[in-house]
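Please keep the sequence and the 3D view open while reading.

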Amino acid sequence: MKLEEALKKIEPLDETAMDVCKKRWDAIAHPLHSLGKLEDMLVQISGITGSADIDVRKKALVPMCADNGVVEEGVTQTGQEITALVCENFLQTKAVSSIMCKSVGAEIFPVDVGVASNVSILNRKIAYGTKNMVKEPAMTKEQAVQAIETGIEMVETLKAKGYGIIATGEMGIGNTTTSSAVASVILKRPVEEMTGRGAGLSSEGLNRKITAIKKAVALHKPDPEDGIDVVSKVGGFDIAGIAGLFIGGAVYKVPIVIDGVISAVGALVAVTICPQCKDYMLASHVSKEPAGQLLLESLGKEAPLHCDMCLGEGTGALNLYPLLDTAVAVYYGMSDFSGIGMEAYVPLQ
């Protein structure tokens, strides 16, 4: 589906379904709203899907994989060969996120939107990595839209296969630099505030990273109100692909889970394109990276997990799945008050 067509299909959440879900929570034999965010997430999922009959048994993780030309500036600890290595590991249950998928009952669908070499994962390659944003725009606007449309396509495909929820992930050496750049521009915050050490930079490396971002932003002057302009000039194919997943979730009424900083930046890009997408997103954890909490606040999200994680790949998002499973178990398994001979709780003023 083309982006322009997709945006026209996005509707508000189903308030009737949310009300039915909330009434069901209030009717089961427990103190009102005593499961907090667990209850809120199921109410939101009802609004997303348009039904209080919640089914998230089929779970997916979609890591968007791409390389970034800005690695030429010495902003990473490792080379681009690691992107390809991890992509292959996804399929062999050797990557952290693919091992976690097995543990939480999810399936992984890694997508090549711009890896610098040929890999075995689903091929939606737009180019062999982006350009070096310090010297030229990372990609064309047409390429950015193509990456976004790839994300939309993945949601359409997975919904057709019966998946009820999708976690976002990524893999791409250099993408903590591009995500920091995009976040700094859209949130209009200092680069230093939005930039961390990524996979383990030295202080000298961190300074190179900050300098590279500042140079790129000064050279291209991306428009903070235009997510496509920002991601095309200082972003990455993976970020654009993730933005497409969030837009696709709003189009096809599938809850999409935010992972860490890079995923949240993809969410931010999606929201600049279509603010209503925000309602179709679930937060999972607060990343240890400097921009983690700020990004969630900008999206109006509170994450239930605080694990000091910053690995990426969708690892934080995957850890939300067991929480949802416990919430669904109570939602369907708990008797109402009359069933246990107890008077119902009533809201107190």
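## Terms and basis

Helices (H or I, at least four residues) and strands (E, at least two) are DSSP runs, numbered from the N terminus. The model is a predicted one, in which local features need pLDDT of at least 70 and side-chain atom pairs count only at pLDDT 80 or more, while totals for chains, interfaces and linings use all residues. Residues are numbered from 1 along each chain as its sequence is written, and side-chain values use heavy atoms, with hydrogens and water left out.

## Loops with positive phi

Most residues other than glycine have a negative phi. Lys-221, which lies in the loop between helix H9 (203-220) and H10, has a positive phi near 45°, and with a relative accessibility of 63% this lysine counts as exposed (exposed means over 50% relative accessible area, buried under 20%, and partly exposed in between, with a 1.4 Å probe and protein chains only).

Lys-188 sits in the loop between H7 and helix H8 (191-194); its phi is positive too, near 55°, and its relative accessible area of 57% makes Lys-188 exposed. Thr-93, which follows H4, also has a positive phi, near 55°.

## The contact of H7 with H10

The axes of helix H7 (residues 175-187) and helix H10 (residues 227-234) come within 9 Å and cross at roughly 145°, where axes are lines fitted to C-alpha atoms, for helices over the stretch in contact, and angles run from 0 to 180 degrees between N-to-C directions.

On the H7 side, Thr-178, Ala-181, Val-182, Val-185 and Ile-186 meet Val-230, Val-231 and Val-234 of H10, contact being heavy atoms within 4.5 Å. The residues of this contact comprise 7 nonpolar, 1 polar and no charged, on a scheme that counts Ala, Val, Leu, Ile, Met, Phe, Trp, Tyr, Cys and Pro as nonpolar, Asp, Glu, Lys and Arg as charged, and the others, Gly among them, as polar.

## The buried side of H4

In helix H4 (residues 81-91), the buried residues include Thr-83, Ala-84, Val-86, Cys-87, Asn-89 and Phe-90. The buried residues of H4 pack against strand S1 (59-66), helix H5 (96-104), strand S2 (106-108) and strand S5 (165-171).

## Cysteines

A search of the whole structure finds 0 disulfides, a disulfide being a pair of cysteine sulfur atoms within 2.5 Å. Cys-277 is in no disulfide, and its nearest cysteine sulfur, that of Cys-274, is 4.0 Å away; Cys-277 is buried, at 0% relative accessibility. For Cys-307, likewise in no disulfide, the nearest cysteine sulfur is that of Cys-310, 12 Å away, and Cys-307 counts as partly exposed at 40% relative accessibility.
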